Structures are given as structure tokens and as C-alpha cells.
Amino acid sequence: MSETLLELRKFVIPEIIIGVDARLLIDRYISHFNAKKPMLVTDKDIQHFEWFHQTIALIRPHVEKLFFFDDTTPNPKDVEAMCGASLFLSLGCDLIIAIGGGSVIDCAKCISIVASNGGNVLDYEGVDEVLMPGPPLICIPTTAGSSADVSQFAIIKDTSAHIKRAIISKKVVPDLALIDPVPLMSMDPYLTACTAMDALTHAIEAYVSSTHSALTDVHALESIRLINQVIEKSVRPDRTIETMFQLMLGSLQAGLAFSNASLGAVHAMSHSMGGLLNLPHGECNSILLEHIIRLNFETVPNRYRDIARQLDLLVDKVSDALLLEMIINRIVAMRENVNIPASITMDALEKATVDYLVENALNDPCMVTNPRTLTKEEVRIIYGRVLQT
Ligand SMILES: [Fe+2]
């Protein structure tokens, strides 16, 4: 048994209900929490869907008033969270319901932190800096990727420094996740692709993380197996609810793994790029993943061999060199099959901007658990490959 497996590890998750129409149990839980003035945190894009109205209609009879906060944007900002928190307090709200993708749920988590702890949301950056638990938080995720509905992570953009800050604390684990594949049926195929690749990245980074454990490994591997089976089907016009359920289950298992094992260099570099250049998180990860696998492989080849088996690759008797190429080929094929490009085209990129990207990536907390330490030069070279001018 390796030394790592004998080290102490913790595993924190919320109450989870997963299945078709799980969201329709919301009324029962509103009553459980005895909430009278919930605040719904959501975005403007999903409010016209039938499944959204069905869900909201179930809440209203159980509360005095349902307040809406939908001033959320992709890559959620500190100012949005501060505005939401001040509204939550001034209206005397007693529970938060987040219905949306990772950005909405991260914003809801940040509102919850400030509502209970005061100060500025950026005061809580880092690991275990949140002292008081927030008000009850119920999440209904509408994408299969971020797993913010089960994770100890909240990512928020510092709008002064143009950096995404990571708040990592068990105090931001939601109380309840109602994980329902129905909202995924109305998700745009490109968003589906990017969020699914984000989930795959969570699973791979958690599996090779320096703080992985027996409990996180089992979820990471199962997640890779599930996502590999359904990712291409999930972006087709004839996708089925069964396919989307499998994708959601894969995303959930990735969330259970990375929330407790943390992430790695893909996320560190993606947070830096996404924060400064305002790029979609899943797209950044999809583009970076193959490059980081190439750099990390030699440090933990046997763990990548396990990953390859979940990708359905026949690798029992192949050399490490061939194994690496087989994994990269499958990851690239997956990205191409769901129509995500290999790089992002920028108007111009000054040297000072790249320096800032490199510095922020190296300082991101996710870099700490990457299986090997990346040099400034390695990070710079990868940015040069994925950001084309
Ligand atoms: Fe992610």
C-alpha cells in the first residue's frame, strides 16, 4: 500500500437527490427548512423554459414571498455577489435557491458567505477562510459540468484585479442538490460540450491530484467511464433523457471527486485565462487539457493507465509512450467531435498580459495539487499554443 493511501483524508458532500424530475421535490424541502422568504438566484436566460415555471410554481404556495435575484453573469463577479448579499439581508430572506449553471450557483454561494459573515466576498479567498455557515442553500443545476451544486468550491471574479478567486471551504457545500436531467434537454449543444469537457477535466485532475484518496478515486474513474460513453451523443439533436442522465451522473461523480481531491494545472491556467480574458470556463479547460496531460504524464503514468481503461482504450500491454499518445488521441477526438476548437483566437496579446496570466496561474490554489510543479516557461509555452493572435 502506498504512503499516500495511508494519509488522512476527508470527504464532504451535501444531501443529493438525482433522477428525472428531482427538481419537483423543491416544495417538500422548502417546508423542511421552514423557509418563508427564500431568495431565488438564477439568470435571465432560463426563465422562459417550461421546466423553470413548473419548479417556481411549486415554491410559491409554501412561502410568504419569493424574491428573485437574476443579476448574475457568466464568470460571476464580486460586485454581483455583494449586491445579492445586501438584497438578501435587506429583504430578510431566510434561504437561497440556486437554479442555473456553475456561475449562478457560485454566485449564490458567495451571497450566502457574505450574508452570514459580513465583509467583502474576496476576504474569504483561499482554503477554510469562511467561519460561519451561510443560510440554507438548495441547488438545482441546469448544466452537467461545474458540480458547484455538490462542491466545496466557489469561484468569483475579482473585478479590480481581473482574477478569478477560489474560495474553498466546507461551509460552501450546499445543503441539498436536486439533480435533474430534464433542464439539460434545453441546453445549447456548445454549452453542453464545454460543460461536459469541464466535468471530464474535473475527474482526470482529481484522479491524478496529489491529494486524491480511495474515496475520490472510485468516483473519478466512474465519471470518466460515463462521460466517455455519452459525451458525443449528448450534443446531437436526437439526444435522449437517458443520455443526459448519464452525463449528469458522470458530472456528479466528477464533482464528488474533485471537491474532495481538488484539481490541477488545467484549472489553475483556466481560471487565469477565464478571469483576465473573460472566456468560458469549460472552453478553456477543453483546450488546455491535452497539453497538461502531456506534461503530467511522466510523473504518474500508472494513474493515466487507469484513466485510459475508463476511456475504453486497450492499454494492458502497450508502452508508456504509446499509452500517452492513445490518451491524447482520444481526448483530442472527443474535443473535436463535440466541435470545440484547439485554440482561441485573440485580437492581440501583449507580453505583459501573458506575464500576468502566467503569474496568476502559478498562484492559483488548484496548482498546488497538480502532480508535478510546472515552471513559468512551461505555462508560458502552453498559453502561446492555446491563445492564437
Ligand atoms: Fe471546472
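Tutor: Let's start inside: Ile204, Glu205, Val208, Val266, Leu289, Ile292, Ile293, Asn296, Tyr304 and Asn370 line the second largest cavity. Both α6 and α10 give two or more residues to that lining, and the largest share, four residues, comes from α10. Keep in mind that this is a predicted model.

Student: How is a space like that found, and what is the volume of the second largest cavity?

Tutor: The general idea is that a probe the size of a water molecule, rolled over the atoms, shows where empty space is left. Here the second largest cavity has a volume of about 40 Å³. Its lining has seven nonpolar, two polar and one charged residues.

Student: How many cavities of 30 Å³ or more does the structure hold, and which residues line the largest cavity?

Tutor: There are two cavities of 30 Å³ or more. The largest cavity, with a volume of about 50 Å³, is lined by Pro141, Thr143, Ser147, Asp149, Ile179, Met248, Ser251 and Leu252. Helix α8 gives the most to this lining, with three residues, and by class the lining has four nonpolar, three polar and one charged residues.

Student: Now the pockets. Which residues lie nearest the centre of the largest pocket?

Tutor: A pocket is open, whereas in a cavity the probe cannot get out. The largest pocket has a volume of about 990 Å³ and a lining of 45 residues, with Gly101, Gly102, Ser103, Thr143 and Leu191 nearest its centre. Helix α6 gives the most, six residues. By class, the lining divides into 19 nonpolar, 19 polar and seven charged.

Student: And what about the second largest pocket?

Tutor: About 330 Å³ of space lies there. The second largest pocket is lined by 17 residues, and Val127, Ile168, Ser259, Asn260 and Ser262 lie nearest its centre. Helix α8 supplies the largest share of that lining, three residues.

Student: Where do His267 and His281 lie, and are they buried or exposed?

Tutor: His267 lies in helix α9 and His281 in helix α10, so the pair ties together parts that are 14 residues apart in sequence. Both His267 and His281 are buried.

Notes
Residues numbered from 1 in each chain as written. Predicted model: local features only at pLDDT ≥ 70, side-chain atom pairs only at ≥ 80, totals over all residues. Heavy atoms only, no water. Buried < 20%, exposed > 50% of the residue type's maximum accessible area, 1.4 Å probe, protein only. 1 Å grid on protein atoms, 1.4 Å probe; cavity = no way out; pocket = protein on both sides within 12 Å on 5 of 7 lines; lining within 4 Å. Points joined across faces, edges and corners; volume = space filled by probe spheres on them. Nonpolar A, V, L, I, M, F, W, Y, C, P; charged D, E, K, R; others polar.
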